[in-house]
Amino acid sequence: MLDFAIFAVTFLLALVGAVLYLYPASRQAAGIPGITPTEEKDGNLPDIVNSGSLHEFLVNLHERYGPVVSFWFGRRLVVSLGTVDVLKQHINPNKTLDPFETMLKSLLRYQSDSGNVSENHMRKKLYENGVTNCLRSNFALLIKLSEELLDKWLSYPESQHVPLCQHMLGFAMKSVTQMVMGSTFEDEQEVIRFQKNHGTVWSEIGKGFLDGSLDKSTTRKKQYEDALMQLESILKKIIKERKGRNFSQHIFIDSLVQGNLNDQQILEDTMIFSLASCMITAKLCTWAVCFLTTYEEIQKKLYEEIDQVLGKGPITSEKIEELRYCRQVLCETVRTAKLTPVSARLQDIEGKIDKFIIPRETLVLYALGVVLQDPGTWSSPYKFAYMVTAVLLSVLLRRLHLLSVEGQVIETKYELVTSSKEEAWITVSKRY
């Protein structure tokens with residue numbers, strides 16, 4: 001779960017990492033169908049820009065050349081895989097740490113060793129247990145935060161437009177910071193500060209490193225470095241506070257502290273998880289509500305399941321697991337929104353996909369936005385984001401009808417995590 005979650009939300013980092021931190025690549029495409037470089041220095045970067053996004057570029061490329069295609073990022077060969085069959089040939093389920101994590105750490109200027117295979121297996125298990133334990137321990141908190149948002153929406157007149165993206169981001173930030181890093185973020189001002197710094201770092205790792213603009217702007221670079229330093233500072237403080245002490249609230253960082261990791265490993269893993277899970281959770285909540293306002297029959301069926309399973313009683317984690325239709329809705333939301341359109345791995349040894357040889361040190365993209373056009377290929381969304389979104393929808397739909405704003409057209413922006421280009425507005429009305 002750790003590897004995939006990180007890959008799925010940070011494909012551009014992998015791309016940049018390959019270009020910035022690895023060895024020079026061959027200009028020979030090894031017979032793989034695709035396009036030649038448009039420019040000597042930039043490769044096919046102009047084509048990607050003209051397409052509007054990497055996802056849209058890959059959709060077109062796979063339509064033209066098939067499931068295995070090649071193009072050039074700068075002077076580096078990139079291979080993209082666009083069907084489930086070829087993905088299965090390339091994915092190694094025994095891998096615990098991919099070169100991508102090393103690239104991400106390089107971009108964040110982290111230099112810790114990845115460790116041996118045994119240590120990597122231990123850290124992966126520790127990470128997965130951390131997610132499970134923090135969700136279990138903080139379920140009541142998740143209900144509380146969901147009900148706070150419900151109360152806010154109930155106070156609005158039915159004609160008032162609700163800024164969905166803004167509210168979902170705020171809800172995700174509150175949920176993730178408190179469940180991952182603890183009671184420090186019960187303070188609204190601490191959440192606001194975290195959100196501001198998170199936004200600065202996320203924006204630059206998604207764009208500034210890709211086009212080189214970060215290094216060209218002294219002001220932006222300083223803002224990025226300051227934001228990253230402030231995020232690290234609060235994490236270091238929390239790690240120090242949680243060590244050797246018992247708290248009634250078990251948070252994600254506690255599992256890492258109790259796992260005999262050193263402070264730097266705890267800092268890195270918590271930073272990566274916090275950056276990624278805030279955005280995945282916010283966007284999954286946003287798209288789920290957007291689609292429910294558009295498809296009223298699905299909202300009605302989901303409400304009926306919630307009413308049947310939960311009744312008038314309290315919401316519990318066991319009851320949430322029984323919401324099978326809700327799981328289907330969220331899986332379809334991930335697929336339809338193409339929530340994480342591309343992930344990546346580095347080809348550490350020469351390999352073969354179908355009849356094509358993939359040279360060593362080739363960056364291999366998983367064109368998930370292309371693959372997800374097939375509704376039969378997507379499994380469950382990420383555990384953390386799924387639970388948070390399922391609880392929120394259960395709380396909201398018990399009391400509210402979610403309604404679209406007439407005439408609104410929501411355009412999609414494909415970035416690290418897919419979002420709407422502009423604010424998405426909804427209205428709400430009370431269920432009687």
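Reader: Which residue just after helix 9 takes a positive phi?

Author: This is a predicted model, in which local features need pLDDT of at least 70 and side-chain atom pairs count only at pLDDT 80 or more, while totals for chains, interfaces and linings use all residues. Residues are numbered from 1 along each chain as its sequence is written, and side-chain values use heavy atoms, with hydrogens and water left out. Helices (H or I, at least four residues) and strands (E, at least two) are DSSP runs numbered from the N terminus. Just after helix 9, the residue with a positive phi, of about 100°, is G182.

Reader: How many of the 18 residues of helix 9 are buried?

Author: Buried means under 20% relative accessible area, with exposed over 50% and partly exposed in between (1.4 Å probe, protein chains only). Helix 9 is largely enclosed by the rest of the structure, because the buried count among its 18 residues is 14.

Reader: At what angle do the axes of helix 9 and helix 14 cross?

Author: Axes are lines fitted to C-alpha atoms, for helices over the stretch in contact, and angles run from 0 to 180 degrees between N-to-C directions. The axes of helix 9 (residues 164-181) and helix 14 come within 8 Å, and they cross at roughly 145°.

Reader: How many residues of the contact of helix 9 with helix 14 are charged?

Author: Contact means heavy atoms within 4.5 Å. Ala, Val, Leu, Ile, Met, Phe, Trp, Tyr, Cys and Pro count as nonpolar, Asp, Glu, Lys and Arg as charged, and the others, Gly among them, as polar. Residues making the contact include L164 and M168 of helix 9 and F273 and V289 of helix 14. There are 17 nonpolar and five polar residues, and the number of charged ones is: no charged.

Reader: What distance separates the end C-alpha atoms of helix 17?

Author: The expected span of a helix is 1.5 Å times one less than its number of residues. For the 14 residues of helix 17 (residues 324-337) this should give 20 Å, which agrees with end C-alpha atoms that are apart by 20 Å.

Reader: Which helices are included in what covers the buried residues of helix 17?

Author: The buried residues of helix 17 include Y325, V329 and R335. Their cover includes helix 14 (263-294), helix 15 (296-310) and helix 19.

Reader: Which strands stand at the edges of the sheet?

Author: Two strands pair if DSSP finds at least two bridges between them. The open sheet has three strands in the order 3-11-8, with antiparallel pairing. Each edge strand has a single partner, so one side is left without a neighbour in the sheet; these are strand 3 (162-163) and strand 8 (400-404).
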